[in-house]
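Subject: Structure handover

Dear colleague,

I am passing on to you the structure that we spoke about, together with some notes on what was found in it. Please open it first and keep it beside you as you read.

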Amino acid sequence: MSSQLGIEVKKDADFSTWYTQVLKRSEMLEYYEEVSGCYIIRPLAYYIWQEIQSFFDSAIKKMGVEDTYFPMFVSQRQLEREKDHVEGFAPEVAWVTKAGSSEMENPIAIRPTSETVMYPYFSKWIRTHRDLPLKLNQWCNVVRWEFKKPQPFIRTREFLWQEGHTAHFTKEEADAEVHQILELYRQVYEDLLAVPVIKGVKSEKEKFAGGLYTTTIEGFIPTTGRGIQAATSHCLGQNFAKMFDIVVEDPNALANSEGKEAKKLHVWQNSWGLTTRSIGVMVMIHGDDKGLVLPPRIASVQVIVIPCGLTVRTSEEEKKRVEEKINDVVKELNSSGIKAKADLRDNYTPGYKFNHWELRGVPLRLEIGPRDLQKNQTLSVRRDNGVKKAIPLDELITCIPEILNTIHKDMFEKAKKIYDEHVKVILKWEDFVPALDGKNVVLVPWCEQEHCEDKIKEKSSRSNTEQEPEDDKAPSMGAKSLCIPFEQPKEPAIVPGETKCISCDGFAKRYALFGRSY
Ligand code: 87F
C-alpha cells in the first residue's frame, strides 16, 4: 500500500511532489478523483482543524461572538446587491442551474462568502443602538471555482473556514475588534501551528474591495520563497450598511425630536476569516524529507511509545514485562492530559515503526526495552531535530510536557529565523528582482499608489527580465504587495517628502512587504 511507503523525493528537489506525497502518505489527505480541486480531509488533518476551531472558538466566545448558521445558497438578486465587491469575484461563483433534469427558473449560487447572505438579516434584526454590537460567526464550507492550479489546503475549490461578521455602533469599537481578531489569528499560527507570521494592512489594490481596510497576517514558504496570506480581518466601514440598509436611530437626536423622524445612522461592520489553508502552510513549513513534522499542540498523537531491544532470545516473560510497562506509561501520560499511544504490533520491527510514526509527524518517540526497565528509564527521540535523551520513568509526568513545549518553541524559532533571514530590506530597484529570485520577500520604501503596484508587478515578472518561461520551480510571477507591516524597519528611517519610492518618482510613505505569493 502506498501509505506504507516513505517519502521518495527530497523537499528541496521537487517541492510540489514532496508536498502531495507527505499529505497522502501520512494519511492527512486523499485525492478526490471525481472533482478537480476537491480533496478528502482525513482524520489526522481534521483533528488539527478541530484543535484550531476549539482554540479560536473559545477565544471569540469570550469576546461575545455567537455561533450561527446561514444557508449555503444565495439568489442572484441578493448576490449582486453589492456590485463593487462581487464584480471582480464573479467568475469564481458556482451556480446550481438544474433540479433533476429540469432547468431551474432562478438558478442559485453557492456561497463564496456570506456577506450577501447575512446582511439582509442584519438589516432586519438591527433596529436601535441597543441591538449593537451584533457579533456572529459561522464555521462552514465555501465554494470558489478557481481556475488556477489547485493545491491541497492551499488553493481548493471547496474549503472550510470560519467567517465572523459583526456590526458596531462606532468606528472605534469596530477598529478595536479588527485588531483583536488579527491577534487571535496570529496566536493560531504562532502558538498552535508554530508558524511565524507578519501582521500588517493590505494596500488599496489588495484589500477586500467591498471594505474600508483589510488587516492581514502574512506567512512565508521558504522552499519556494513565496509569501502566503494566512488570514484576514476586515473593517468594512459603512459600505455594506449603506448597501443593505443596516441602520439604527441616532440615540442623541431621538431625545429632542418632536415627532419628526429620527436621524438614521449606518452601523460599522467587520468581517474576518481563517481557513483550512492554515494546515497546508504548517505542513509546508515544518515537513522534512522523512514526512510530516507536527507541532505538539495540534498533534493527535503527541508521544508514541515503541518496544525496542526485544530479540528472538528475549523470554516471553520479559517481553510481557516490557509491554506492561509501556501500557502503564501510556496510561500515566494520558491521565495527565498528554496524547500518548503504544505501538505494540508484533508483526513489525522497531525500525519499521519508527518510519511509520516519523512519516505521520508524531512529535516525540519513547523507546522502552529490557535494559531500560533495568535502569528504570526510557529513551526519548524528538521528531523535529532527532535529539535523543534518556528520561527516568519516574519523571515522565514532569519531563514530557517540558520537552513538548521545548519542541514547539524550537520549531517556531527555527521557522522564525528562516523567515527573518528571507525578509530583505531593499532600497534600490536594481536589487529588487534579484532578491526575489534569491527566494526572498522584500521590505521596500513605497509610495502606496495603485498604479505603482501594477508597475512593480509588471517589472518583476520573469517574462520581463528575459528568463525561463513559467514553471513551478521558476515562478515567472510578478511581485504583489503582501502587506504594509505594522512593525516598520527602524533603519534607514523613511523621511516624508525626501525618501523616494522603490519604483516610481513619488515619495515613499512607509515600508511595504512585497513578494511573489500564493
Ligand atoms: C469569491 C466570489 C465571490 C473573496 C470571493 O475575507 C465573492 C468573494 O467576497 C468575496 N472571494 N471574497 C472576499 C471575502 C471577504 C471576507 N468575507 C468574510 C473575508 C473573510 C470572511
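Predicted model: local features only at pLDDT ≥ 70, side-chain atom pairs only at ≥ 80, totals over all residues.

Residues are numbered from 1 along each chain as its sequence is written, and side-chain values use heavy atoms, with hydrogens and water left out.

The ligand

The ligand is surrounded by 17 residues, of which the closest are His85, Phe89, Thr113, Glu115 and His234 (a residue counts as near if one of its heavy atoms lies within 4 Å). By type, this shell divides into six nonpolar, seven polar and four charged residues (Ala, Val, Leu, Ile, Met, Phe, Trp, Tyr, Cys and Pro count as nonpolar, Asp, Glu, Lys and Arg as charged, and the others, Gly among them, as polar). In the side chain of Thr113, an N or O atom is 2.9 Å from a nitrogen atom of the ligand, and a polar side-chain atom of Glu115 lies 2.7 Å from a ligand nitrogen atom. For His234, an N or O atom of the side chain is 2.7 Å from an oxygen atom of the ligand. Taken alone, the ligand exposes 480 Å², and the protein buries 94% of that (areas come from the Shrake-Rupley method with a 1.4 Å probe). The elements that give two or more residues to the shell are helix 4 (83–89), strand 8 (158–168), strand 11 (226–237) and strand 14 (268–275) (helices are DSSP runs of H or I with at least four residues, strands runs of E with at least two, numbered from the N terminus).

Five strands, in the order 16-15-17-18-19, form an open sheet with mixed pairing (two strands pair if DSSP finds at least two bridges between them). Strand 16 (340–342) and strand 19 (388–392) are the edge strands, each pairing on one side only. Strand 18 (residues 377–382) runs antiparallel to strand 19 and is joined to that strand by five bridges, and Val381 has Lys388 as its bridge partner in strand 19.

Strand 22

Five of the six residues in strand 22 (residues 480–485) are buried (under 20% relative accessible area, with a 1.4 Å probe and protein chains only). Strand 22 pairs in the antiparallel sense with strand 9 (residues 198–201) over two bridges, where Gly200 has Pro485 as its partner. Strand 22 also pairs with strand 23 (residues 510–515), again antiparallel, over three bridges, and Ser481 stands opposite Phe514 in strand 23.

With best wishes

Methods:
Buried < 20%, exposed > 50% of the residue type's maximum accessible area, 1.4 Å probe, protein only. Polar contact = N/O pair within 3.5 Å; in protein donor to acceptor, adjacent residues only side chain to side chain.
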